[in-house]
Every structure is written in structure tokens, then in C-alpha cells.
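Please look over the structure shown here. Two local regions deserve a short report.

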Amino acid sequence: MAKKKGKKNKNFLKNQKLKKRKRSFQFEIKSLAPFLPFGGIILASIVIGVTLQNFNFVPETNIPTFKTDLIEAPKLRAKVEGMLSKQRDSDFENFHDLASKIQKKLSAKRVTLVSLGNNTVSIDLEMHKAIAAIEFGKKRLLSDEGKVFGNYIETRDHSLPLIKGIGMKDKVSLADDQSLVLDEESVQRISEARLLINEGLRYNIHYRAIHLDPYRGFQVLLKDKRIRVEMGRTPFKKRYIKLVKILSNLSRKKVNQARIELDYQGKAFIKEFTL
């Protein structure tokens, strides 16, 4: 009887030990459960870090810094900076296309982009220099090189002489420097108009309006004076010498309105008006 009782007790103790081990194992798993998410985050961070290091991660946007200090005119510089700020990221992928876009927008003669390294780009541009406004299909501008370009803006260009009568025969197209491609006859007439203006400046004579008449040539209205002059066609040099003397005499006589005809060979006709 004593032996049976001993076996029972032995089996009971054995069972108790197994149960204790099982409970202990369950407790350990449950106690680690709250920390498992943090372990996953740490592991993921390590993997991502290694991936970025191996593949040299580059940001999604890589817009260069533009230096505009070579553009001397403050208003023009502000325009360029404003245009750059409105461009999309994709517009900076091709500098040639970006330069063309700026050139067209500003009717610039030349736009230059130069990489300075460190994702920095210098921008410079050369503008056409306007010496007159010209009606050519619509009001445009005439440069000192005889190029017709851009658009006339009253608030900006009102002090320029306005040239009329040149005429436009064909539909216009733009050259690389954003000036109009002209037919030969227009080029010749514009060349004469430019010569008329430039030679006048040598004698301190400025114009408010210039009209090309098909029969009598260039007719001009002097700036700040109510004096009209028939200048004819080239050459103008001898006519300017006469005009300077005539204007001096009119000023001495306090004549403020007159019509002067210099387009006759070797002669000058003057009709004076006094208000």
C-alpha cells in the first residue's frame, strides 16, 4: 500500500513540474509581445538606411540656383526672376529650351545660361536697343541694327519716334534673335529710316514722327516743335546742314510753326507760321 502511494505522489510531482515549465514559457512570449512592433521599426530603419546608402538617394526635385547679377537693369532682372519662379520642375531639365522660352517672352536678342557648378547657373541676356517705334503689321520696335522686334508699349515707348509707311508685304516670321524676317524692299526702306534718325542725332535733331511717302520720300515732324520737314530719300547729309541753318533762323525770329521742303535738288522752300 505504501508503494502505490509513493508512485502516485511521484507522478503528481512530475505533472506539476511540466505545468510550471509550460506556464513559464507562455509568460515569456506574452511579455515580449508589446516590444515586437518597435523591433520591426528598428529593423526596417536599418534596411532602408542600407538601401539609401547603396543607391545614393537623390531628392525628387533638383532645381538649380540662378544668379542674375549679370543683368544690369533692375526691372529686367526682376522680370527674369519672376519668370524663373513660375517655371515647372520639368522646365529646368533642358537649359536650351529654358533659354528659348525666356528669349521669346522678353523678345531678347540673346540669352546665355552658364553652369557654375554646385547646381548653380548664371544667366545673362542681351536686349535689342530700340531707336524708334514702327508700324509693321502692328506697332513694333526698330533696333539700332535695323531689326524689327517686340511690341510697342505706350507707357514705355512713347518718347520714341514713330515710323509709318514702310509697309508689310508678307506674313512675318521670327529669326533666332526674335526679330522679324524682312523682305529686301522693307530692309532697304528701314535702312534709310535708321540712317535718317542716326544722322539727325549728330546735329541734335530729334523726331516725333517719320512717314515714308511713296513719291516724296521721308516726311518728318520734329520733336517738341510744330515743324514739318520734307527730307526726301538718301543721301541726307547736305539736307541736314541746310536744316540746321534754317532752324537757327526760325528760332531767332521766334517762329514756332513751319513747313520746310528740302527734297528738291539744291533748293529749300520754307513756309512760316506764327501763333
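The notes below cover a helix pair and a group of strands.

## Model

This is a predicted model.

## Helices α3 and α4

Helix α3 spans residues 74-85, and helix α4 spans residues 95-106. The two pack at an angle of about 130°. Their axes lie 11 Å apart. Angles over 145 degrees would count as roughly antiparallel, and 65 to 115 as roughly perpendicular. α3 and α4 are therefore oblique to each other. Their crossing is right-handed.

Which residues meet? From α3 come Leu76, Lys79, Val80, Met83 and Leu84. From α4 come Leu98, Lys101, Ile102, Lys105 and Leu106. By class, the contact holds seven nonpolar and three charged residues, with no polar ones.

## Strand β10: burial

Is strand β10 enclosed or open? Strand β10 covers residues 226-232, and five of its seven residues are buried, so the rest of the structure largely encloses it. Buried here means under 20% relative accessible area.

## Strand β10: partners

Strand β9 (residues 217-222) pairs with β10 in the antiparallel sense, over four bridges. β9 and β10 form a hairpin, with three residues between them. In the turn, Asp224 has a positive phi of about 65°.

Strand β11 (residues 257-261) also pairs with β10. Here the strands run parallel, joined by five bridges.

How values were computed
Residues numbered from 1 in each chain as written. Predicted model: local features only at pLDDT ≥ 70, side-chain atom pairs only at ≥ 80, totals over all residues. Heavy atoms only, no water. Axes fitted to C-alpha atoms, helices over the stretch in contact; angles between N-to-C directions. Parallel < 35°, antiparallel > 145°, perpendicular 65-115°, else oblique. Left-handed = near helix turned anticlockwise from the far one by under 90°. Contact = heavy atoms within 4.5 Å. Nonpolar A, V, L, I, M, F, W, Y, C, P; charged D, E, K, R; others polar. Buried < 20%, exposed > 50% of the residue type's maximum accessible area, 1.4 Å probe, protein only. Pairing = 2+ DSSP bridges.
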